[in-house]
Amino acid sequence: MSSDFDPVRMNGSSNSGSPGGSQPGDGDGTGFDLATETRIKTKKPSLYRVLLLNDDYTPMEFVVFILERFFNRSREQATRIMLHVHQKGVGLCGVYTYEVAETKVAQVLDLARRHEHPLQCVMEKED
C-alpha cells in the first residue's frame, strides 16, 4: 500500500528543478520541513460535594441504606456519616465531578420520594 502523503519531506538525490536543491517551504535549504505539534492543555474538572441534610422524619436506617447503596460506604462508614448528619444537620457523602454528583443527588432524591421520605440531598462546588 503506498501513500501519496509524506508528513516530513526529505531532500532526495533528485532535484525537482528547485535552485540549490531545496524543496519548496524550506526556509533553510536543508530539505526538511518542520513539523510542529500543538499540545492542548486540559484542565481538571471542577469537583462537587454531595451533602445530606438532616430532617426529623427520615428513618436513620434509610439514610444508612442510601449511603451504602449510592455512595459505596460500608455499614460502619454509613452509620458514622448518618450520625454526623443527625447531630450536625449536614454530612458529606462524597466528592465527585459535576455529572456524577448530579446523578447521585437525583438517585437519592428519587428513592427518598418513592419511599415518601423528605430527605434532602444537595451538591455544592468545592473551593
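**Helix 3 and its end**

Glu116, which follows just after helix 3, has a positive phi of about 60°. The model described here is predicted.

Helix 3 covers residues 98–114, and its 17 residues should span 24 Å at 1.5 Å a residue; the end C-alpha atoms are 24 Å apart, in agreement with that figure. Its buried residues are Ala101, Lys104, Val105, Val108, Leu111 and Ala112. They lie on the same side of helix 3, because the arc they cover around the axis is only 140°. Residues three or four places apart in an α-helix point the same way, since there are 3.6 residues a turn. The face turned away from the buried side carries the exposed residues Glu99 and Arg114.

The buried residues of helix 3 pack against strand 1 (47–53), helix 1 (60–71), strand 2 (90–97) and strand 3 (120–125).

**Strand 1 and its partners**

Strand 1 is mostly covered, with five of its seven residues buried. It is joined to strand 2 by seven bridges, and the two run antiparallel. Within this pairing, Leu52 has Gly91 of strand 2 as its bridge partner.

Strand 1 also pairs with strand 3, again in the antiparallel sense, over six bridges. Here Leu53 stands opposite Gln120.

**The nonpolar core**

The largest nonpolar core has 23 residues, of which Val50, Leu52, Ile66, Leu67, Phe71, Val108 and Leu119 touch the most other members. Strand 1, helix 1, helix 2 (75–88), strand 2 and helix 3 each give two or more residues to this core. Helix 1 gives the most, with seven residues.

Phe71 is buried, because its relative accessibility is 4%, under the 20% limit. Leaving aside neighbours within four places in sequence, Phe71 is in contact with Val50, Ile66, Cys93, Tyr96, Lys104 and Val108.

**Aromatic pairs**

The whole structure holds two aromatic pairs. One of them, Tyr48 with Tyr98, is edge-to-face, at 5.2 Å centre to centre and 75° between the planes. Tyr48 belongs to strand 1 and Tyr98 to helix 3, so the pair ties together parts that are 50 residues apart in sequence. Tyr48 is buried at a relative accessible area of 16%, whereas Tyr98 is partly exposed at 37%.

Phe71 and Tyr96 form a tilted pair, because their ring centres are 6.3 Å apart and their planes are at 35°. This pair links distant parts of the chain, with Phe71 in helix 1 and Tyr96 in strand 2, 25 residues apart. Tyr96 is buried, with a relative accessible area of 17%.

Conventions. Residues numbered from 1 in each chain as written. Predicted model: local features only at pLDDT ≥ 70, side-chain atom pairs only at ≥ 80, totals over all residues. Heavy atoms only, no water. Helix = DSSP H or I, 4+ residues; strand = E, 2+ residues; numbered from the N terminus. Expected span 1.5 Å × (residues − 1). Buried < 20%, exposed > 50% of the residue type's maximum accessible area, 1.4 Å probe, protein only. Arc of directions from axis to C-beta. Contact = heavy atoms within 4.5 Å. Pairing = 2+ DSSP bridges. Core = buried A, V, L, I, M, F, W, Y, C linked by side-chain atoms within 4.5 Å. Phe/Tyr/Trp six-rings, centres within 6.5 Å; stacked < 30°, edge-to-face > 60°.
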